Structure formats: C-alpha cells, structure tokens
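Visitor: I have a model open and would like to learn how to read it. Where do I begin?

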Amino acid sequence: MNSDNFFMQRCLDLAIKGIGKTYPNPVVGCVIVNDNKIISEGWHKLYGGVHAEVDAINKIEDKSVLKNCSLYVNLEPCNHHGKTPPCTNLILKYGIKNIIIGIKDPNKNVNGNGVEYLKRNGCKVKVNVLEEECKFINRRFLTFNNLKRPYITLKWAESKDGFIGPIKNKLNSGKVFWLSNEKSRILSHKWRTEEHSILVGVQTIIDDNPELTSRFYKGNNPIRIVIDPNLRTPLESNVLNNASKSIIFSNKKKKTDGLNIHTNDFSNKESIINNIYNQGIQSVIVEGGKRTIQFFIDNNYWDCIRVFQTDKLLNKGTPRPDFNINDYDYKMIDNDRLYELFKN
C-alpha cells in the first residue's frame, strides 16, 4: 500500500465512527501528516459539530508546523457557510498546501468548488485516492445527492423451511417472534443505528407491536416510518412512543391526535421513495412484512439485502419474500447464516 492509500485508509477508519450520528451530513475523517507521520487526527462526530478537518487542525498546538504538512480527508472540504464556516478557509489560513482528497462532494453547495478554491489559492490538490472505498463508506450520502432518493436496505430473518414468522393468533398477536439468535439480533440493532430511518407496513405494527428502536445496541434510534394507507395504526402502538420520531404514510388526509401523518399517493409506485426523499431522509432499512419487502424487491428498489437464515422450523406461517438468496455466499453468526448482498 502506497503512503497516500495508507493515510486515506486511516481517514476512513476515523470516518466510520460517525456513521448514524451525522445525518444529513456525510461521514468524514481527516489526518494531518508531517514527515510521513500522522501528527493529528479528526472526524465529524455529529451534525452541527466541527468538521473533520477543523477537528484535526484544532488539536495541533503549534499551528506553525501546518505549513509543512499534508492534509488527508476522504471527502472534499466544504467551501460554503452551513452550520459551520468553510473548511477551505481554515486550511488556507494555516498555509497547508498539500491536500489529498478521497472523492469530491456531490452536494450542490460543494461539488468541486472546494477543490477549485484550494487550487486557485496555491494548494496542490490530489483527488480520487481510494475512490471506491470512499464512495462505499458514504454510499447513503452519495445515493441521496446523486440519485435523489434514499439508500435502501432490505432485511429479514427466515426459518430453515422458508417462513418469516408464525401464523398470528390470540396467543401471539402483538408480540415479536424472534427467529434469529441473540448475536444476530444485536447486529440487526447495530444496523439500525447506522440508518437514517426504518420502515415497516402497518400489518407488522398490528401483528407484532414492535418498537423499531436500537435498544440492543448503543446508538441513535432511526426515524420510524409506517406504510399505513387506511390509518389502521393503533394509537397505543409502541412505534408511537417517544424513543424516536415516527411518520405515517397514508392516503387519508384527516388529522389524528398522536399520529404524524404524511399524505402519500399509493397509486404511484414511486411515491413512497419520493416521500422519504422529500423528508430529507438519506437511508431506510425495510424490515417488514412480506408484502412491504416484496414491493421493494419487485420494483427493484434496493441497494443492499441482508437475510438471516436460521435453523428453526416453523412448518407453517408467513412465507419469506420471493428472492433466491441461496445462490449467494454467506457467513455464520453462531448458528444463523447471514447473506449480505450489495447491488453495486
């Protein structure tokens, strides 16, 4: 690995610490290098907080050394006033002349302006270092800005005989039935902390009464979205608690106390995706039920699919979504098989 790649990889290692905490901002890490050694590191920790470049620069007591340093960052430094001042100005203020960037920022407020501004002011700028790795770590941010839609992950667990849940009756109605093992459940909740939102259909709310939080893993709870055309969500549902914001997509326009209703045109198959995008939500993990997941599969609305295939047998129940995962590789999470597919 050459030195530029080595230092950029360190930027990515730092950036990943911010996943799920910086929405709507991207995840960014920065290292400052002098004489081929890292002398400071920083990353963007939360929305509204200092950017990675500022974090790294601020940690250096003797700012006079910066004019002899190189600055590495996985995403183009901003050149506009947002929640914080432009990072490019701070870079120029301290005379950092060698800037190595993973990829350009597709945000319309940046999109190459930061690179050009630094070049016009005498900086040597190199772009597209570990380009694919930098794109992957910010795949949610890039999808939202480039494709004008959220990044979509589909996730479910299924039994060995192909069911995602038992038939509901008076004894198990309103209760979550766990197919996957404890380690898989913790991993699922970790994934929830990384996404901007989580989505289910109203039947899942009625059948399981889930909280849709990340309570098994420390981190932020995602925004909860319920697809509920006819407003059947019970007002006592756990999904309406104060753990996180909840949004109901419905074709009903009436106001109901306790429900945050957004009108959705279900006759237009793109309306759900467009509605999520218009809320400024960058990513969504779709967790149920079968009809909802199948809608996303049938319309090719997905970027990642994650499936836990367990060794439990149900004999009868709700069939798994129509998607053949058995042709793909998997890894073991104790006794669960985890299939993880990325479209691109």
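Predicted model: local features only at pLDDT ≥ 70, side-chain atom pairs only at ≥ 80, totals over all residues.

Visitor: What does the secondary structure of the protein come to?

Guide: Count the elements before anything else. Here there are ten helices and 16 strands.

Visitor: What radius of gyration does the protein have, and what would a compact globule have?

Guide: Compare the value with the rule for a globule. A compact globule of 344 residues would come near 20 Å. The protein has 23 Å, so the two agree. The C-alpha trace spans about 70 × 45 × 35 Å along its principal axes.

Visitor: How much of the protein is buried?

Guide: Of the 344 residues, 52% are buried. The accessible surface is about 16700 Å². Carbon and sulfur atoms hold 47% of that surface. Then look at contacts between residues with a separation of 6 or more. Of these, 69% join residues 24 or more positions apart.

Visitor: Which domains does the assignment give?

Guide: Domain 1 covers 3-142, and domain 2 covers 148-342. Their centres, taken over C-alpha atoms, are 35 Å apart. Ten residues from domain 1 and ten residues from domain 2 make the contact.

Visitor: Let me take a sheet. In what order do the five strands stand?

Guide: The order is β2-β1-β3-β4-β5. The sheet is open, and its pairing is mixed. Look for the edges next. β2 (37-43) and β5 (124-126) each pair on one side only, which makes them the edge strands. From one strand to the next, the twist averages 20°.

Visitor: How does β3 pair with β1 and with β4?

Guide: Take one neighbour at a time. Strand β1 (residues 29-34) runs antiparallel to β3, with four bridges between them. V31 stands opposite Y72 in that pair. On β4, Y72 stands opposite I100. The β3 and β4 pairing is parallel and has five bridges.

Visitor: Is β3 mostly covered or mostly open?

Guide: Strand β3 (residues 70-75) is mostly covered, with six of its six residues buried.

Visitor: How many bridges pair β4 with β5?

Guide: Three bridges, in the parallel sense. Strand β4 is residues 98-103.

Visitor: Now the nine strands. What is their order?

Guide: The order runs β11-β10-β9-β8-β12-β6-β13-β16-β15. This sheet is open too, and the pairing is mixed. The edge strands are β11 (261-263) and β15 (331-333), each pairing on one side only. Direction ignored, neighbouring strands are turned by 25° against each other on average.

Visitor: How do β13 and β16 run?

Guide: They run antiparallel. Six bridges join β13 (residues 304-309) to β16 (residues 336-342). F308 stands opposite L338 in β16.

Visitor: Which helix lies across β10?

Guide: For a helix on a sheet, ask which strands it crosses and at what angle. Helix α9 (residues 271-278) lies across β6 (151-158), β8 (197-201), β9 (223-227), β10 (246-250), β11 and β12 (283-288). Its angle to β10 is about 145°. Helix α10 (residues 290-298) also packs on the sheet, where it touches β6, β8 and β12. The direction of α10 makes about 130° with that of β6.

Visitor: Which residues of α9 are buried?

Guide: Start with the helix rule. An α-helix has 3.6 residues a turn, so residues three or four places apart point the same way. In α9, S271, I272, I273, N275 and I276 are buried. After α9 comes G280, with a positive phi near 75°.

Visitor: What does R140 touch?

Guide: Leave out residues up to four places away in sequence. R140 then touches Y23, Y151, E194, E195, Q282 and S283. For a sense of scale, take R140 and K316. They are 176 residues apart in sequence and 37 Å apart in space, C-alpha to C-alpha.

Key:
Residues numbered from 1 in each chain as written. Heavy atoms only, no water. Pairing = 2+ DSSP bridges. Helix = DSSP H or I, 4+ residues; strand = E, 2+ residues; numbered from the N terminus. Axes fitted to C-alpha atoms, helices over the stretch in contact; angles between N-to-C directions. Contact = heavy atoms within 4.5 Å. Rg over C-alpha atoms; globule rule 2.2 N^0.38 Å. Buried < 20%, exposed > 50% of the residue type's maximum accessible area, 1.4 Å probe, protein only. Areas by Shrake-Rupley, 256 points an atom, 1.4 Å probe, with all protein chains shown as cover. Domains from an automatic or database assignment.
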